[in-house]
Amino acid sequence: MAYFNLSFLALLLLLLPPLALLLILYLIVRPRPVKIPIKNRHVFITGGSSGIGLALAHQAASEGARVSILARSIDKLEEAKNYIQLSTGIDVSIFSADVRDYDAVSKAVEEAGPIDVLIVNQGVFVPEELEKQGLDEVKFMVDVNLIGSFNVIKAALPKMKKGDSMPRSIALMSSQAGQVGIYGYTAYSASKFGLRGLAEALQQEVISHDIHVSLIFPPDTDTPGLTEETKKRPQLTSIIAESSGVMKAEEVAKKAFEGIKSAAFIVPCNLEGALLSIATAGMSPQRSFVMAFVEVVAAGLVRLVALFFQWNWYNGIHTWHAQNKSEYCFVSAVEMICFSVFSLMLLHMGLNLVHCKGTSYTAAVGCGILWFFESLTFTEGGFGY
């Protein structure tokens with residue numbers, strides 16, 4: 001009996017700190033959880049004529065929303081409208097405008113009527129090292145991806161604030177390149193990183209009007225835009241990007257709406273995105289006290305995994321340049337063995353934690369380490385040299 005009491009006391013002492021942390025987080029996380037209804041509401045999507053935007057429009061129509069899409073090409077808009085109407089039976093309103101033109105965007109938003117869910121999805125990408133890229137291309141990406149987002153939100157916001165009694169949403173389509181900088185993405189990453197500052201500040205400005213901001217971080221997505229992009233990518237960019245994999249536009253749209261409907265601020269689209277979200281949580285708002293717990297507890301170990309990724313990427317970059325100069329570099333045997341043993345220890349620890357505790361954050365850690373090993377294949381040298 002005494003042994004049972006001691007075991008129970010030990011278990012209680014072991015569980016007390018995480019339970020206390022969960023209670024604290026439950027009390028302090030802000031904004032509070034809320035649900036955003038989609039059915040019978042007006043969803044307005046920019047960049048909605050193709051790619052992720054078209055998949056978002058199709059998903060919204062499938063869920064019973066009234067859908068409006070905006071893009072530059074009237075021909076592509078007509079094609080998108082016909083496709084959605086044939087596949088869902090829902091009629092879609094279309095508006096031709098360039099998001100860089102505030103007056104044209106304002107006119108389209110006025111004609112569309114009050115918006116309940118605004119998805120700022122437009123985006124352009126011209127991959128190139130900064131030294132070789134023209135400033136006109138840099139300006140083009142910043143104007144469309146960042147300034148265009150300001151134009152769309154500013155045009156829609158006044159009527160969104162006067163909307164019905166149900167909560168409303170503003171979602172911005174960023175990129176995993178808006179969470180971590182990648183070789184060849186200098187201007188693109190800058191334009192997407194800017195969306196995070198916009199979203200964090202905007203959420204504070206509109207929360208009193210029951211408007212909730214979401215920031216979506218898709219990986220490379222199988223779209224016509226990606227096909228064109230990969231033709232122009234620097235070789236190193238393609239090598240590094242391959243470690244993340246490619247999602248279908250329909251998968252991204254589904255994940256995006258799951259995040260929008262739950263009013264999540266950060267919306268990752270796959271496992272890599274979830275790990276990046278934990279690693280880069282920073283001062284971002286968090287509605288879920290469970291997810292906040294994961295971020296707090298797993299942050300250190302996820303940061304360590306992230307440092308291994310950086311180690312691998314920089315070694316890959318060094319190797320690529322060395323090979324182009326007909327030089328040869330080798331990792332020392334000691335470094336290789338130490339790294340392998342330490343990584344296996346981390347993997348073993350993560351899997352043991354999953355087995356013992358069954359918590360979601362330890363599962364993410366274990367999967368993250370496995371993902372790290374998989375990503376090592378992005379160079380011919382395996383371990384980066």
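1. Let's start with strand 1, which is mostly covered: five of its five residues are buried. Buried here means under 20% relative accessible area, exposed means over 50%, and partly exposed lies in between, using a 1.4 Å probe and protein chains only. From strand 1, His42, Phe44 and Thr46 point one way, while Val43 and Ile45 point the other way. In a regular strand, side chains alternate between the two faces of the sheet.

2. Some housekeeping before going on. This is a predicted model, so local features need pLDDT of at least 70 and side-chain atom pairs count only at pLDDT 80 or more, while totals for chains, interfaces and linings use all residues. Residues are numbered from 1 along each chain as its sequence is written, and side-chain values use heavy atoms, leaving out hydrogens and water. Helices (H or I, at least four residues) and strands (E, at least two) are DSSP runs, numbered from the N terminus.

3. Now for the neighbour of strand 1. Strand 1 (residues 42-46) runs parallel to strand 2, and five bridges join them; two strands count as paired if DSSP finds at least two bridges between them. His42 has Arg66 of strand 2 as its bridge partner, and Phe44 has Ser68. Five of the six residues of strand 2 (residues 66-71) are buried, so strand 2 is largely enclosed by the rest of the structure.

4. Zoom out and you get an open sheet of seven strands in the order 3-2-1-4-5-6-9, with parallel pairing. Strand 3 (92-96) and strand 9 (266-268) stand at the edges with a single partner strand each, so one side of each has no neighbour in the sheet. From one strand to the next, the twist averages 20 degrees; axes are lines fitted to C-alpha atoms, for helices over the stretch in contact, and angles run from 0 to 180 degrees between N-to-C directions.

5. Further along the sheet, strand 4 (residues 117-120) and strand 5 (residues 168-173) pair in the parallel sense over four bridges. Ile119 stands opposite Ala171 in strand 5.

6. Helix 9 (residues 249-261) deserves a look. With 13 residues, helix 9 reaches 18 Å from its first C-alpha to its last, close to the 18 Å expected at 1.5 Å a residue (the expected span is 1.5 Å times one less than the number of residues). Which residues of helix 9 are buried? They are Ala249, Val252, Ala253, Ala256, Phe257, Gly259 and Ile260. These cover an arc of only 160 degrees around the axis, which puts them on the same side of helix 9; the arc is that of the directions from the helix axis to the C-beta atoms. On the other side, Glu250 and Lys254 are exposed.

7. The C-alpha atoms of Glu251 and Ile52 are separated by 9.2 Å, though 199 residues apart along the chain. After helix 9 comes Ala263, whose phi is positive, near 60 degrees.

8. Over in helix 6 (residues 186-206) sits Leu202. Leu202 is buried, with a relative accessible area of 6%. Its C-alpha atom is separated by 9.7 Å from that of Ile153, 49 residues apart along the chain.
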